[in-house]
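Colleague: I would like to go through this model feature by feature. Please give the general rule each time, and then the case at hand.

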Amino acid sequence: MSEHTGASNKEYDLVSVLYHALSGADSCEKYIRDSHDDAQLSEFLSETRQQYQSIAENARHLLKRRI
């Protein structure tokens, strides 16, 4: 990957995980609004969003240490 982007495979992979975690959290937020009449689904989506947010936060910290 580095020959095409200037980033190592590890950096690229970490940025990709961060992007997808943020995207997942954003998607869950939209789905939560759609599930307003289903408490069980809303709770599941909220928990899932929190997991994505945690993954994104961990990826940000790791990325900061590596760049």
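Modeller: Start with burial: a residue is buried under 20% relative accessible area, exposed over 50%, and partly exposed in between, using a 1.4 Å probe and protein chains only. By that rule R49 is buried, since its relative accessible area is 19%. Two remarks on provenance. This is a predicted model, in which local features need pLDDT of at least 70 and side-chain atom pairs count only at pLDDT 80 or more, while totals for chains, interfaces and linings use all residues. Residues are numbered from 1 along each chain as its sequence is written, and side-chain values use heavy atoms, with hydrogens and water left out.

Colleague: How many residues does helix 2 have, and what span does it reach from its first C-alpha to its last?

Modeller: Helices are DSSP runs of H or I with at least four residues, strands are runs of E with at least two, and both are numbered from the N terminus. The expected span of a helix is 1.5 Å times one less than its number of residues. Helix 2 covers residues 9-34, which is 26 residues, and reaches 37 Å, close to the expected 38 Å. Helix 3 has 28 residues and reaches 41 Å, close to the expected 40 Å.

Colleague: Which residues of helix 2 are buried, and what covers them?

Modeller: Contact here means heavy atoms within 4.5 Å. The buried residues of helix 2 are L14, L18, A21, G24, A25, C28 and I32. Their cover includes helix 3, residues 39-66. In helix 3, the buried set is S42, L45, T48, R49, A56, A59 and L63, and these residues pack against helix 2.

Colleague: Which residues make up the largest nonpolar core?

Modeller: In soluble globular proteins, nonpolar side chains tend to be buried together. A nonpolar core is a set of buried Ala, Val, Leu, Ile, Met, Phe, Trp, Tyr and Cys residues joined through side-chain atoms within 4.5 Å. Here the largest one has six residues: L14, L18, A21, A56, A59 and L63. Helix 2 and helix 3 are the elements that each give two or more residues to this core. Leaving aside neighbours within four places in sequence, L63 is in contact with L14, V15 and L18.

Colleague: How many salt bridges does a search of the whole structure find?

Modeller: A salt bridge is a side-chain nitrogen of Lys or Arg within 4 Å of a carboxyl oxygen of Asp or Glu. The search finds three. E29 pairs with R49, with the closest N and O atoms 2.4 Å apart. This pair links distant parts of the chain, E29 being in helix 2 and R49 in helix 3, 20 residues apart. E29 counts as partly exposed because its relative accessibility is 28%.

Colleague: Where do the side chains of K30 and D26 meet, and why are they separated by about one helical turn?

Modeller: They meet in a salt bridge of 3.4 Å, N to O. The separation is about one helical turn because K30 and D26 are four residues apart in helix 2. Both count as partly exposed, K30 at 42% relative accessibility and D26 at 41%.

Colleague: With which residue does E57 form a salt bridge?

Modeller: E57 is bridged to R60, the closest N and O atoms being 3.0 Å apart. Both lie in helix 3, three residues apart, about one turn of the helix. E57 is partly exposed at 31%, and R60 is partly exposed at 33%.

Colleague: Which residues make the nonpolar surface patch?

Modeller: Patches are made of residues with over 30% relative accessible area and no salt bridge; like charges are joined within 9 Å, and nonpolar side chains (Val, Leu, Ile, Met, Phe, Trp, Tyr) within 5 Å. Accessible areas come from the Shrake-Rupley method with a 1.4 Å probe, and for residues only the protein chains shown count as cover. V17, Y52 and I55 make a nonpolar patch of about 240 Å². I55 is in helix 3 and is partly exposed, with a relative accessible area of 41%.
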